[in-house]
Amino acid sequence: MFFEQITGNLIQGLVLGSVYGMATMGLSLIFGVLKIVNVGHGAFIMVGAFITLWLFNTLGLSPILAIPAAFAVGMLLGLLFYYTTMRRLIKAPELASLLATFSIGILLEEVIKLIFGSEFRGYNWAVGKLNLGVTVLPMSKLYACIGSAIIALLLYIWFNKTRAGTAMRSVVEDSEGARVCGVNVDGTYAMSFAIGIGLTVVSGVLLTMFIPVGINPYMGGGYTLKAFVIAVLGGLASPYGAFFGGLVFGLIENGSYMLFALIPGVEPFALTRFLSFVILLIILLIRPTGLLSTK
Amino acid sequence: MKTISKYYPLLPVLAVYFIMFLVGKNVSGMWQLVAMLLFYCALGQAFNIFLGMTGYVDFGYVAFMGVGTYGMAVTITQLAHVEGLGFLVITIGFLMALLFSTLLSLAVGAVALRLKGAYFAIATIGVNEGLRFFIEGARIWNGSEGLIFMAELNQILGRKTASALATFWADIMVLFIAMSAAYVTLLFMRSKIGYALTALREDEEAAKVMGINVTKYKIIAFITSACFAGLLGAASWALKTPYVFPPEVFEIHYTIEAIIIVLLGGAGTLLGPVIGGLIYGLSKYYLSIYMPGFQLLIFAPIIIVIIVIFPEGIIGMLKNRFKDTSLARFII
């Protein structure tokens, strides 16, 4: 019985973690290439959630079809914000880019609030459940997990096998050197920012497949914090590190929720969120380059 | 003569506050607006001591106001049954607010101030959320139900005094907090602390090489800024609205407002947060009448434009404009 509970929790944690990992890859990609921390990260996740909600509730489209739509919207938003704002701030002090991404996040929240209102929403995508014996997994969660893994794999292939991906890695290594070798650094920055935002908006779709309720313009804040914890776990600048950081974090979150629920007189959900903040501080204190980094 | 001229830059700040006070006192129905403006000016001025002088963004700033509010609230609820303390309770409340915000800033600073730039921002962004969920999760100070101490406040001070405190004297305290924050800012600017902070804001590595103990000065600015936030929380939130709920006092919205105010007026200037607070407060007030709910939709693009096009803010621009004129000594 105890063993079953543990295995069930591990599976749930890994499934959750893969989506968390996916939700952090965009943040790490942008930091890796542009050295900019996207403080408005959660707002882009929220945009993805609203795209899913809108497509599902008004057009009746499956959330799986929302993935390409979300990626396209994300790329467009990324290019828009890159060329209007971020491009001028790459060389500016960190203060400027932090506050700019923060303000972009607020802007998105307010625009979505203007369009959809601020009440909590949700949708009901009934695709059945999968009984694994030790635990029951809704199919929507399984799809979200598989989707995350596929997207992570595609990003890996794109990074390592294509010319644009190689250019991006060269900019991460040394942007001046890349420029000397004829890499279009500005174009690569734009591309990375757009793809990073695209991935983040897609992760909003996957997260709603996981938790299809509580969709609200201000839902992003909690995800921003979690994404930071995960990104720091994975070394902040590496998208794959972020993916594995996500798996670790999913396990921690699921396990700690189970443990906190055993303590009488506390609210386990709130304590789990407090724990993620404590983990963040501890990692920053002992190993700011990330637990999974090799350097 | 030299010592007096040192304080010239305080004159415009004090003049603005004096005018606000007179308008609020003499024009009927204006006090509430003036009180709100004073709050925003004080918030800007307290936040500016850290953000403006060091160039570091603390995204969890509201947490200091939150613990300050709790300091006052806990004192009032605990000491309510002790007879004959009267205003002493309020004084102890402010001391507790100072204590709480100092302790929190030491704890956060010990971790976050070792980190630079982006990592610092990441470390602070969860402080308010983390603390909120700690209080709710571990059911400290009544957890998510919060503390309501209207009755206790009435019991300590009497109904009449308590209501005068909430509608007038608490705002006067906010005014004093704003003025002392301005004074401390000037004091820092004109001392070794200010020069060290300027050096570290421009180039931290170079400042270190020059033998400046950057961590020490960052901590000084961080704690000072946090203490003013704690006092502000105690005066403006706990005393004006005698209840405290975790989601309300750890709401990131106030950090956003502080950032807007400081950037609008000009980060690192003395007069900037006052002007920023006035502009933000007035527009918020009138927008909430004519276009309720649109303040942030309007201010978010404005902030982006400020960052991209004129990062020095309004007072920063005026400062450059009036360089080498007789007005220059008043505008810093």
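1. Contact order in chain A. In this predicted model, 78% of the contacts in chain A with a separation of 6 or more are between residues 24 or more positions apart. Buried residues account for 53% of the 295 residues in the chain.

2. Secondary structure and dimensions of chain A. The chain comprises 11 helices and 2 strands. Read from the N terminus, the elements of chain A follow the order α-α-α-α-β-β-α-α-α-α-α-α-α. Its radius of gyration is 19 Å, close to the 19 Å that the globule rule gives for 295 residues, so chain A is as compact as a globular protein of that length. Along the principal axes, the C-alpha atoms of chain A fill a box of roughly 60 × 45 × 35 Å.

3. Apart from neighbours within four places in sequence, A:N216 is in contact with A:S118, A:F120 and A:R121.

4. The contact between chains A and B. Here 34 residues of chain B are in contact with 37 residues of chain A. On the side of chain B that touches chain A, the elements giving two or more residues are α6 (117–125), α7 (127–137), α14 (253–265) and α16 (295–309) of chain B. The largest share, 8 residues, comes from α16(B). By class, this side of chain B consists of 26 nonpolar, 5 polar and 3 charged residues.

5. Geometry of a helix pair in chain B. Two packed helices are described by the angle between their axes and the distance between the axes. For helix α4 (residues 62–79) and helix α12 (residues 214–238) of chain B, the axes come within 7 Å and cross at roughly 55°. This angle makes α4(B) oblique to α12(B). The crossing of α4(B) with α12(B) is right-handed.

6. Residues at the α4(B)–α12(B) contact. The residues of α4(B) that take part include B:F64, B:M65, B:V67 and B:M72, together with the glycines B:G66, B:G68 and B:G71. Those of α12(B) include B:L231, B:L232 and B:W237, as well as B:G230 and B:G233. Overall, the contact of α4(B) with α12(B) has 12 nonpolar and 6 polar residues, and no charged residues.

Terms used:
Residues numbered from 1 in each chain as written. Chains lettered and ligands numbered in written order. Predicted model: local features only at pLDDT ≥ 70, side-chain atom pairs only at ≥ 80, totals over all residues. Axes fitted to C-alpha atoms, helices over the stretch in contact; angles between N-to-C directions. Helix = DSSP H or I, 4+ residues; strand = E, 2+ residues; numbered from the N terminus. Parallel < 35°, antiparallel > 145°, perpendicular 65-115°, else oblique. Left-handed = near helix turned anticlockwise from the far one by under 90°. Contact = placed C-beta atoms within 7 Å. Nonpolar A, V, L, I, M, F, W, Y, C, P; charged D, E, K, R; others polar. Rg over C-alpha atoms; globule rule 2.2 N^0.38 Å. Buried ≥ 20, exposed ≤ 12 C-beta atoms within 10 Å, placed from the backbone.
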